[in-house]
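Hi,

Here is the structure I promised to pass on.

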Amino acid sequence: TLVMGIESSCDETGVGLVRDGKLLGECLSSSMSEHVRFGGVVPEVAARAHLEAMVPTVRQAVERAGVSMSEIDAIAVTAGPGLATALQVGLASAKAYSLSLGIPLLGVHHLAGHVAADTLVHGDLPDRSVSLVVSGGHTSLLLLGDLARDPIVHLGDTADDAAGEAFDKVARILGLGYPGGPAIQRAAEDGDPDAIRFPRPTTTRWGFSFSGLKTAVARWVDRCEGPLPVADLAASFQEAVVDVLTAKAVDACVSHEVDTLVIAGGVAANSRLREVAERRCADAGVTVRVPPPYLCTDNGAMIAAVGSMLTSVDAPWSPLELSTDPSAPLTRALLSRTRD
Ligand code: ATP
Ligand code: MG
Ligand code: FE
């Protein structure tokens, strides 16, 4: 079964083609550079860029996959969460392909896509796993069964900022630009992670909170006289985030007797997070799975991966009346909400 996945929830127009869990080809078009001078993604600018990029991105992905449009068996698309107008462009395009090719439409939860990305390189997920989803808008510890079939259990979420959001805001405080994650990682390479002991804020056992940490960095910067030790600040902030994320993720695995941790989302691209997670998981006897960095941030392949899982269990199709759900809660991989 050949599935085309379409992603447009933020500033990347992504299209991927997956056949029976194998990635055949993909294409990504980003409007990131258009948002840099605003310091964040401007929804209407992103939506217009999706509209312009969609058809060429589909054509390019199909060409790279070495398939023809008529071979595609189903269209998977991000129906939420994300920016409303950006999501609408992807969903309308997916509906058009579904109608014109006469094939099923599958509305997919964006975060299920982040998790599923890992299967494209590491194969099927085990029957049970814990997932740490760390992205620009979300930070959650999840207990997973069969991603295509079972409800998703939230062990904990962030009470305020997402991990990626914290990276982006601290990067702005340190004058490192947007997006902040890669910039902080780069700056941290020359810094000492133990230079400044920032707080490791926490809420519930598996819940997170990052806004206090961001404020702690801001206050440290405000009080600093003389030149800012940017590298030490970046490394110490990054260490605080990584420490909390990995400690809680490993604890969640151990206490639920789960032997596999899947780390997903844009922040999973962070090299220090990957390093510490590997060490702590190895110590706890947990196998850690993290997709390669290009599959951690938004892309179309991950949406096709969910579509491929859904078709393999004969999940129901989404209705053509499917509507976008900008704040869709993560309870299932398949979204089928229609406007009442
Ligand atoms: P969501 O998936 O919650 O809707 P999003 O799609 O905007 O949000 P992603 O594309 O998953 O988010 O990830 C983007 C986030 O990942 C940004 O906050 C970015 O700073 C962060 N990020 C990307 N690379 C790195 C890195 N190397 N280290 C830390 N953070 C990173
Ligand atoms: Mg992005
Ligand atoms: Fe994302």
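A quick definition to start: a residue is buried if 20 or more other C-beta atoms, placed from the backbone, lie within 10 Å of its own, exposed if 12 or fewer do, and partly exposed in between. Keep in mind that this is a predicted model, where local features need pLDDT of at least 70, side-chain atom pairs count only at pLDDT 80 or more, and totals for chains, interfaces and linings use all residues. Residues are numbered from 1 along each chain as its sequence is written, while chains are lettered from A and ligands numbered from 1 in the order in which they are written.

Now Asp 168: it counts as buried because it has 24 C-beta neighbours inside 10 Å. Asp 168 sits in helix 6 (helices are DSSP runs of H or I, at least four residues, numbered from the N terminus). Leaving out neighbours within four places in sequence, Asp 168 is in contact (C-beta atoms, placed from the backbone, within 7 Å) with Tyr 178, Pro 179, Gly 180 and Gly 181.

Gly 181 belongs to helix 7 and is buried too, with 27 other C-beta atoms within 10 Å. UniProt, in an unreviewed entry, puts a "binding site" at several positions, including Asp 168 and Gly 181; such annotations may be inferred rather than shown by experiment, and the positions follow the numbering used here, with feature names shortened.

What about ligand 1? Of the 24 residues around it, Gly 136, Gly 137, Gly 164, Gly 181 and Gly 266 come nearest (near means a C-beta atom, placed from the backbone, within 6 Å). Helix 7 gives the most to this shell, with four residues.

Cheers

Note on methods. Helix = DSSP H or I, 4+ residues; strand = E, 2+ residues; numbered from the N terminus. Contact = placed C-beta atoms within 7 Å.
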